[in-house]
Amino acid sequence: MTEKALRLGTRRSKLAMAQSGQVAEAVSQVTGRPVELVEITTYGDVSREHLAQIGGTGVFVAALREALARGEVDFAVHSLKDLPTTQPDELVVAAIPVREDPRDVVVARDALKLTDLPRGARIGTGSPRRMAQLNAYARSHGMDIETVPIRGNVDTRIGYVTKGDLDAVVLAAAGLNRVGRSEDVTDFLSVDTVLPAPGQGALAIECTADNAELIAELAELDDPLTRAAVTAERSLLAALEAGCSAPVGALADLLADGQIVKEMRLRGVVGTTDGSTLVQLSTTGPVPETHEAAMALGRDLATGMLAQGAAGLMGERAQ
(Lines give C-alpha, C1' and ligand atoms only; values in the text may rest on other atoms or scores of the structure.)
Protein backbone atom coordinates (compact mmCIF):
# COMPACT_ATOMS: atom_id res chain seq x y z
CA MET A 1 0.00 0.00 0.00
CA THR A 2 1.41 3.38 -0.99
CA GLU A 3 1.53 6.01 1.71
CA LYS A 4 -0.99 8.81 1.53
CA ALA A 5 0.34 11.88 -0.27
CA LEU A 6 1.29 14.92 1.81
CA ARG A 7 -0.62 18.03 0.75
CA LEU A 8 1.52 21.14 0.28
CA GLY A 9 -0.37 24.45 0.30
CA THR A 10 1.04 27.01 -2.12
CA ARG A 11 0.11 30.30 -3.74
CA ARG A 12 -0.75 30.01 -7.43
CA SER A 13 1.88 32.41 -8.76
CA LYS A 14 4.54 31.01 -11.07
CA LEU A 15 7.24 31.82 -8.49
CA ALA A 16 5.32 30.23 -5.60
CA MET A 17 4.62 27.13 -7.69
CA ALA A 18 8.30 26.87 -8.67
CA GLN A 19 9.62 27.16 -5.12
CA SER A 20 6.90 24.87 -3.74
CA GLY A 21 7.76 22.30 -6.42
CA GLN A 22 11.40 22.35 -5.31
CA VAL A 23 10.38 21.91 -1.66
CA ALA A 24 7.92 19.14 -2.59
CA GLU A 25 10.76 17.13 -4.16
CA ALA A 26 12.97 17.59 -1.10
CA VAL A 27 10.16 16.66 1.31
CA SER A 28 9.32 13.59 -0.77
CA GLN A 29 12.95 12.49 -0.49
CA VAL A 30 13.13 12.84 3.30
CA THR A 31 9.67 11.36 4.01
CA GLY A 32 9.45 8.75 1.28
CA ARG A 33 5.91 9.96 0.61
CA PRO A 34 4.49 11.60 -2.50
CA VAL A 35 3.70 15.31 -2.18
CA GLU A 36 0.87 17.00 -4.04
CA LEU A 37 0.55 20.76 -4.48
CA VAL A 38 -2.72 22.36 -3.37
CA GLU A 39 -3.14 25.79 -4.97
CA ILE A 40 -4.61 28.49 -2.75
CA THR A 41 -5.49 32.03 -3.76
CA THR A 42 -4.48 34.70 -1.22
CA TYR A 43 -5.73 38.24 -0.77
CA GLY A 44 -2.36 39.55 -1.91
CA ASP A 45 -2.76 37.68 -5.19
CA VAL A 46 -6.18 39.04 -6.09
CA SER A 47 -5.92 42.60 -4.76
CA ARG A 48 -4.73 45.15 -7.32
CA GLU A 49 -3.75 47.67 -4.65
CA HIS A 50 -0.13 48.46 -3.97
CA LEU A 51 1.30 46.33 -1.17
CA ALA A 52 2.10 49.37 0.93
CA GLN A 53 -1.62 50.27 0.86
CA ILE A 54 -3.03 46.84 1.75
CA GLY A 55 -0.71 46.63 4.71
CA GLY A 56 1.86 44.25 3.32
CA THR A 57 1.98 42.14 6.44
CA GLY A 58 0.59 38.69 5.89
CA VAL A 59 -1.50 39.39 2.78
CA PHE A 60 0.13 36.44 0.96
CA VAL A 61 0.12 34.21 4.02
CA ALA A 62 -3.29 34.33 5.77
CA ALA A 63 -5.17 32.06 3.34
CA LEU A 64 -2.41 29.43 3.45
CA ARG A 65 -2.42 29.50 7.25
CA GLU A 66 -6.21 29.18 7.35
CA ALA A 67 -5.99 26.11 5.09
CA LEU A 68 -3.39 24.62 7.48
CA ALA A 69 -5.58 25.32 10.51
CA ARG A 70 -8.60 23.70 8.79
CA GLY A 71 -6.58 20.61 7.89
CA GLU A 72 -6.99 21.15 4.14
CA VAL A 73 -3.22 20.98 3.67
CA ASP A 74 -0.48 19.32 5.73
CA PHE A 75 2.16 21.99 5.31
CA ALA A 76 2.74 25.24 3.45
CA VAL A 77 5.68 27.00 1.81
CA HIS A 78 6.10 30.75 2.15
CA SER A 79 8.65 33.26 0.98
CA LEU A 80 10.04 34.10 4.40
CA LYS A 81 9.98 37.83 3.72
CA ASP A 82 6.16 37.62 3.40
CA LEU A 83 5.70 36.11 6.88
CA PRO A 84 4.55 38.42 9.68
CA THR A 85 7.11 38.53 12.50
CA THR A 86 4.65 37.24 15.12
CA GLN A 87 4.17 33.48 14.90
CA PRO A 88 0.73 32.02 15.77
CA ASP A 89 0.93 29.43 18.58
CA GLU A 90 -0.87 26.71 16.61
CA LEU A 91 1.65 26.80 13.74
CA VAL A 92 5.38 26.18 13.62
CA VAL A 93 8.08 26.95 11.03
CA ALA A 94 9.48 23.42 10.89
CA ALA A 95 12.24 24.18 8.39
CA ILE A 96 14.09 27.08 6.82
CA PRO A 97 16.19 25.51 4.05
CA VAL A 98 19.51 26.89 2.79
CA ARG A 99 18.96 30.41 1.53
CA GLU A 100 19.10 31.42 -2.12
CA ASP A 101 20.99 34.55 -3.20
CA PRO A 102 19.53 37.33 -0.98
CA ARG A 103 20.52 40.21 -3.27
CA ASP A 104 18.34 42.50 -5.34
CA VAL A 105 18.98 42.71 -9.07
CA VAL A 106 18.32 45.13 -11.90
CA VAL A 107 16.66 44.09 -15.14
CA ALA A 108 17.25 47.03 -17.48
CA ARG A 109 16.84 47.78 -21.16
CA ASP A 110 19.87 47.38 -23.40
CA ALA A 111 21.60 45.26 -20.72
CA LEU A 112 22.41 48.41 -18.72
CA LYS A 113 23.83 48.38 -15.21
CA LEU A 114 22.38 50.67 -12.52
CA THR A 115 25.25 53.14 -12.91
CA ASP A 116 24.82 53.23 -16.73
CA LEU A 117 21.16 54.27 -16.67
CA PRO A 118 20.50 57.61 -18.40
CA ARG A 119 19.46 60.74 -16.54
CA GLY A 120 15.77 60.64 -15.64
CA ALA A 121 15.67 56.85 -15.89
CA ARG A 122 12.41 55.35 -14.61
CA ILE A 123 12.96 52.35 -12.33
CA GLY A 124 10.01 50.19 -11.29
CA THR A 125 9.67 48.55 -7.88
CA GLY A 126 6.80 47.76 -5.52
CA SER A 127 9.01 48.10 -2.47
CA PRO A 128 9.42 51.23 -0.32
CA ARG A 129 12.66 49.65 0.97
CA ARG A 130 14.13 49.50 -2.52
CA MET A 131 12.89 53.00 -3.34
CA ALA A 132 14.50 54.48 -0.23
CA GLN A 133 17.89 52.91 -0.91
CA LEU A 134 17.92 53.44 -4.69
CA ASN A 135 17.02 57.10 -4.25
CA ALA A 136 19.64 57.52 -1.52
CA TYR A 137 22.26 55.88 -3.75
CA ALA A 138 21.27 58.11 -6.67
CA ARG A 139 21.50 61.23 -4.49
CA SER A 140 24.96 60.38 -3.23
CA HIS A 141 26.28 59.46 -6.70
CA GLY A 142 24.84 62.39 -8.67
CA MET A 143 22.35 60.21 -10.54
CA ASP A 144 18.92 61.38 -11.62
CA ILE A 145 16.34 58.57 -11.38
CA GLU A 146 12.62 58.26 -10.80
CA THR A 147 11.30 55.26 -8.86
CA VAL A 148 7.89 54.11 -10.10
CA PRO A 149 5.60 51.89 -7.97
CA ILE A 150 4.65 48.67 -9.76
CA ARG A 151 3.00 45.35 -8.90
CA GLY A 152 2.64 42.02 -10.61
CA ASN A 153 4.51 38.77 -11.03
CA VAL A 154 8.04 38.41 -12.38
CA ASP A 155 6.91 38.22 -16.03
CA THR A 156 4.68 41.29 -15.68
CA ARG A 157 7.44 43.35 -14.09
CA ILE A 158 10.08 42.39 -16.65
CA GLY A 159 7.46 43.12 -19.31
CA TYR A 160 7.44 46.80 -18.31
CA VAL A 161 11.06 46.95 -19.46
CA THR A 162 10.74 44.87 -22.64
CA LYS A 163 7.67 46.90 -23.70
CA GLY A 164 9.55 50.15 -23.10
CA ASP A 165 7.31 51.49 -20.30
CA LEU A 166 10.25 51.59 -17.86
CA ASP A 167 14.02 51.75 -18.19
CA ALA A 168 14.58 49.15 -15.47
CA VAL A 169 12.92 47.15 -12.69
CA VAL A 170 14.42 45.89 -9.45
CA LEU A 171 13.59 42.34 -8.33
CA ALA A 172 14.91 39.70 -5.95
CA ALA A 173 17.67 37.50 -7.39
CA ALA A 174 16.18 34.46 -5.63
CA GLY A 175 12.83 34.79 -7.40
CA LEU A 176 14.42 35.06 -10.84
CA ASN A 177 16.65 32.06 -10.11
CA ARG A 178 13.66 29.98 -9.00
CA VAL A 179 11.58 30.69 -12.10
CA GLY A 180 14.54 30.24 -14.44
CA ARG A 181 14.83 33.87 -15.51
CA SER A 182 18.27 34.68 -14.11
CA GLU A 183 19.57 35.38 -17.64
CA ASP A 184 17.40 38.52 -17.64
CA VAL A 185 19.50 40.10 -14.89
CA THR A 186 21.60 43.02 -16.15
CA ASP A 187 23.11 44.03 -12.78
CA PHE A 188 23.46 42.50 -9.32
CA LEU A 189 23.06 45.15 -6.64
CA SER A 190 25.72 44.94 -3.97
CA VAL A 191 24.24 44.71 -0.48
CA ASP A 192 26.31 47.84 0.23
CA THR A 193 24.06 49.64 -2.28
CA VAL A 194 20.70 48.04 -1.43
CA LEU A 195 20.21 45.87 1.64
CA PRO A 196 17.61 43.17 0.96
CA ALA A 197 14.35 42.67 2.81
CA PRO A 198 14.62 40.73 6.08
CA GLY A 199 14.51 37.04 5.15
CA GLN A 200 14.87 37.67 1.40
CA GLY A 201 15.88 34.58 -0.54
CA ALA A 202 14.82 32.21 2.25
CA LEU A 203 11.77 29.94 2.39
CA ALA A 204 9.72 28.95 5.42
CA ILE A 205 8.08 25.52 5.61
CA GLU A 206 5.21 25.72 8.07
CA CYS A 207 2.90 23.10 9.58
CA THR A 208 0.62 22.74 12.59
CA ALA A 209 2.35 22.64 15.97
CA ASP A 210 0.59 19.40 16.97
CA ASN A 211 1.99 17.35 14.04
CA ALA A 212 5.15 16.10 15.79
CA GLU A 213 5.95 13.43 13.20
CA LEU A 214 5.83 15.84 10.26
CA ILE A 215 7.76 18.50 12.20
CA ALA A 216 10.55 15.98 12.80
CA GLU A 217 10.64 14.98 9.12
CA LEU A 218 10.59 18.54 7.79
CA ALA A 219 13.33 19.52 10.27
CA GLU A 220 15.77 17.52 8.13
CA LEU A 221 15.52 20.32 5.54
CA ASP A 222 16.39 23.02 8.08
CA ASP A 223 19.66 24.93 7.74
CA PRO A 224 20.68 26.21 11.20
CA LEU A 225 22.88 29.04 9.87
CA THR A 226 20.16 30.34 7.55
CA ARG A 227 17.68 30.11 10.42
CA ALA A 228 19.97 32.08 12.75
CA ALA A 229 20.52 34.77 10.09
CA VAL A 230 16.88 35.29 9.18
CA THR A 231 15.81 35.15 12.83
CA ALA A 232 18.16 38.05 13.59
CA GLU A 233 16.89 40.00 10.55
CA ARG A 234 13.24 39.46 11.44
CA SER A 235 13.89 40.31 15.08
CA LEU A 236 15.26 43.67 13.91
CA LEU A 237 12.12 44.21 11.82
CA ALA A 238 9.84 43.30 14.73
CA ALA A 239 11.72 45.54 17.17
CA LEU A 240 11.32 48.45 14.77
CA GLU A 241 7.59 47.60 14.85
CA ALA A 242 7.59 47.59 11.09
CA GLY A 243 5.54 45.45 8.72
CA CYS A 244 7.00 43.72 5.69
CA SER A 245 6.01 46.67 3.48
CA ALA A 246 8.05 49.13 5.57
CA PRO A 247 11.24 50.62 4.11
CA VAL A 248 13.49 48.38 6.24
CA GLY A 249 16.42 46.41 4.85
CA ALA A 250 18.41 43.87 6.86
CA LEU A 251 20.99 41.21 6.18
CA ALA A 252 22.85 38.91 8.53
CA ASP A 253 25.88 37.35 6.94
CA LEU A 254 28.48 34.98 8.26
CA LEU A 255 32.08 36.03 8.58
CA ALA A 256 34.37 33.07 8.09
CA ASP A 257 38.06 32.54 8.74
CA GLY A 258 38.93 30.02 6.05
CA GLN A 259 36.37 27.23 6.45
CA ILE A 260 35.45 28.15 10.01
CA VAL A 261 32.49 30.45 10.54
CA LYS A 262 33.52 32.84 13.29
CA GLU A 263 30.96 35.59 13.57
CA MET A 264 27.68 36.94 12.29
CA ARG A 265 27.34 40.51 11.07
CA LEU A 266 23.88 42.05 11.03
CA ARG A 267 23.27 45.19 8.99
CA GLY A 268 20.10 47.23 9.03
CA VAL A 269 18.78 50.24 7.17
CA VAL A 270 15.60 52.28 7.31
CA GLY A 271 14.88 55.37 5.27
CA THR A 272 12.39 57.73 3.75
CA THR A 273 11.28 56.54 0.32
CA ASP A 274 12.74 59.64 -1.38
CA GLY A 275 16.15 58.61 -0.05
CA SER A 276 16.76 61.93 1.69
CA THR A 277 17.33 60.32 5.09
CA LEU A 278 18.71 56.89 5.90
CA VAL A 279 19.64 55.34 9.23
CA GLN A 280 22.16 52.56 8.69
CA LEU A 281 23.88 50.52 11.39
CA SER A 282 25.62 47.19 11.75
CA THR A 283 26.72 44.95 14.59
CA THR A 284 28.95 41.90 14.69
CA GLY A 285 28.91 39.13 17.26
CA PRO A 286 29.36 35.40 17.76
CA VAL A 287 27.15 33.22 15.55
CA PRO A 288 23.93 32.83 17.59
CA GLU A 289 23.64 29.31 18.99
CA THR A 290 20.02 29.71 20.12
CA HIS A 291 16.82 31.31 18.92
CA GLU A 292 17.05 33.77 21.82
CA ALA A 293 20.60 34.80 20.93
CA ALA A 294 19.57 35.48 17.30
CA MET A 295 16.55 37.47 18.51
CA ALA A 296 18.79 39.51 20.83
CA LEU A 297 21.16 40.38 17.97
CA GLY A 298 18.26 41.89 16.01
CA ARG A 299 16.76 43.69 19.00
CA ASP A 300 20.08 45.25 19.96
CA LEU A 301 20.65 46.65 16.47
CA ALA A 302 17.07 47.97 16.36
CA THR A 303 17.64 49.77 19.67
CA GLY A 304 20.64 51.53 18.15
CA MET A 305 18.71 52.45 15.00
CA LEU A 306 15.77 53.80 17.03
CA ALA A 307 18.22 55.92 19.03
CA GLN A 308 19.33 57.44 15.72
CA GLY A 309 15.78 58.36 14.73
CA ALA A 310 14.67 55.29 12.75
CA ALA A 311 11.10 55.40 14.08
CA GLY A 312 10.34 58.71 12.39
CA LEU A 313 11.39 57.42 8.97
CA MET A 314 8.93 54.56 8.61
CA GLY A 315 5.77 56.44 7.78
CA GLU A 316 2.68 54.90 9.28
CA ARG A 317 3.42 52.34 11.98
CA ALA A 318 2.43 48.78 11.24
CA GLN A 319 -0.84 47.89 12.94
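**A sheet and its helices**

Tutor: Strand E6 (residues 121-124) and strand E8 (residues 168-172) pair in the parallel sense over two bridges. Please bear in mind that this is a predicted model.

Student: Which residue in E8 stands opposite glycine 124?

Tutor: Strands of a sheet pair through backbone hydrogen bonds, either parallel or antiparallel. E6 and E8 are paired in the parallel sense. Opposite glycine 124, E8 places valine 169.

Student: Which strands are the edge strands of the open sheet?

Tutor: The sheet is open and has five strands, in the order E7-E6-E8-E5-E9, with mixed pairing. An edge strand here pairs on one side only. The edge strands are therefore, by the definition of pairing as at least two bridges, strand E7 (145-148) and strand E9 (187-188).

Student: At about what angle does H5 run to E7?

Tutor: Helix H5 covers residues 128-140. H5 lies across strand E5 (104-108), E6, E7 and E8. Its direction relative to E7 is about 180°.

Student: And which strands does helix H6 touch?

Tutor: Helix H6 (residues 154-162) packs on the sheet. Its direction makes about 155° with that of E8. The strands that H6 touches are E5 and E8.

Student: Is arginine 130 buried or exposed?

Tutor: Arginine 130 is found in helix H5. Its relative accessible area is 5%. Because buried means under 20%, arginine 130 counts as buried.

Student: Which residues are in contact with arginine 130, leaving aside its neighbours within four places in sequence?

Tutor: A contact requires heavy atoms within 4.5 Å. With the neighbours within four places in sequence left aside, the residues in contact with arginine 130 are Lys81, Asp104, Thr125, Val170, Leu171, Ala172 and Gln200.

Student: Let us turn to another helix. Which residues of helix H4 are buried?

Tutor: Helix H4 spans residues 62-69. What covers its buried residues includes strand E1 (6-11), strand E2 (35-40), strand E3 (75-79), strand E4 (91-95) and strand E10 (203-208). The buried residues themselves are Ala63, Leu64, Arg65, Ala67 and Leu68.

Student: Which residue takes a positive phi just after H4?

Tutor: The phi angle in question is about 80°. The residue that takes it, just after H4, is glycine 71.

Student: Finally, what percentage of the residues in the protein chain is buried?

Tutor: The protein chain has 10 helices and 13 strands. It contains 319 residues. Of these, the buried residues make up 52%.

Methods: Residues are numbered from 1 along each chain as its sequence is written. This is a predicted model: local features need pLDDT of at least 70, side-chain atom pairs count only at pLDDT 80 or more; totals for chains, interfaces and linings use all residues. Side-chain values use heavy atoms; hydrogens and water are left out. Helices (H or I, at least four residues) and strands (E, at least two) are DSSP runs, numbered from the N terminus. Buried means under 20% relative accessible area, exposed over 50%, partly exposed in between (1.4 Å probe, protein chains only). Axes are lines fitted to C-alpha atoms, for helices over the stretch in contact, and angles run from 0 to 180 degrees between N-to-C directions.
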